Amino acid sequence: MRIAILSQGPQLYSTKRLVEAALARGHEVKVINPLKCYMNINMTKPSIHMAGKDLGHFDAVIPRIGASVTFYGSAVLRQFEMMGVYAVNGSIGIARSRDKLRSMQLLSRQGIGLPITGFANKPSDIPDLIDMVGGAPLVVKLLEGTQGIGVVLAETRKAAESVLEAFMGLKANIMVQEYIAEAKGADIRCFVLGDKVIAAMKRQAKPGEFRSNLHRGGSATLVKLSPEERSVALRAAKTMGLNIAGVDLLRSNHGPVVMEVNSSPGLEGIEKSTQKDVADAIICFMEKSIGKTVKSAE
């Protein structure tokens, strides 16, 4: 196969591992920065160009689109889809997962466990919004935040009111969630590939921190999932329409709750903590998926 990896960082661990895995299985692979692409959109022969040249035909594309370039990156991915290229994660699934509020609404509609979540845009709604999620302590999240940036734990009602008023004053889009104290600063990253959870790790926040993101100094260890946790992760990924997903769960007193569904989950933490070759599994999944696509087309 000729595989394109949409990534701004060819030196990043996840991108390098996918390149290594594809080459090891005999494929041709090219890392493409989506921001350097431009598109010819027409009804007869749509194409993608870079540096004055047509990129030509690819059999498959692996999107590793950063959150900050979701709009343009998704447009480039849609162009690949228009050209008949198999995308391991489609543009619709990525758009759903990147919109935190929309993803919560979709998961809620499917009856998937979530922290109680509130959304408002007027300061006058703040008192009721705080009560709605069970009062303080509570978590305030920027809808555009990633890797724990823009996530604030408000430990008192007064602090919550101040933080919410400040964000609203800046016209920032925010949501408020109940704080799951019993999780004790830990969450579980379930790596979903197709219809299986192929790996899982427990991420523990460093002392004095409630965000367990590895980028914020959290640690990762191998964890065994319960059947319910496995089922919730698979249902969450399916709801988003993603073949590859990092589903982040919290262990609450009322069962597993989904914090987020990530459409470009990093490979470094999950591979090192579980000792599993996740990159190779992704390439194998693509081979089988394209085989099925070709077979069904015939």
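Is aspartate 187 buried or exposed? I looked up its relative accessibility, found 8%, and so put aspartate 187 down as buried, the cut-off for that being under 20%. A reminder to myself: this is a predicted model.

Entry one, the partner. The side chain of aspartate 187 forms a salt bridge with that of arginine 203, at 2.8 Å from N to O. Aspartate 187 belongs to strand 12 (residues 186-193) and arginine 203 to strand 13 (residues 196-204), so this pair ties together parts that are 16 residues apart in sequence. I checked arginine 203 too: its relative accessibility is 5%, so it counts as buried.

Aspartate 131 and arginine 157 meet through their side chains in a salt bridge of 2.9 Å, N to O. I traced aspartate 131 to helix 5 (residues 126-132) and arginine 157 to helix 6 (residues 157-169), so the bridge links parts 26 residues apart in sequence. Aspartate 131 is partly exposed at 46% relative accessible area, and arginine 157 is partly exposed at 33%.

Glutamate 28 and arginine 2 form a salt bridge at 3.1 Å, N to O. Glutamate 28 is in strand 2 (residues 28-32) and arginine 2 in strand 1 (residues 2-6), so parts 26 residues apart in sequence are tied together here. For glutamate 28 I noted a relative accessible area of 47%, which is partly exposed.

Last entry, the wider tally. I found 14 salt bridges in the structure. Arg17, Glu20, Glu271 and Asp277 are joined in a salt-bridge network.

Conventions: Residues are numbered from 1 along each chain as its sequence is written. This is a predicted model: local features need pLDDT of at least 70, side-chain atom pairs count only at pLDDT 80 or more; totals for chains, interfaces and linings use all residues. Side-chain values use heavy atoms; hydrogens and water are left out. A salt bridge is a side-chain nitrogen of Lys or Arg within 4 Å of a carboxyl oxygen of Asp or Glu. Helices (H or I, at least four residues) and strands (E, at least two) are DSSP runs, numbered from the N terminus. Buried means under 20% relative accessible area, exposed over 50%, partly exposed in between (1.4 Å probe, protein chains only).
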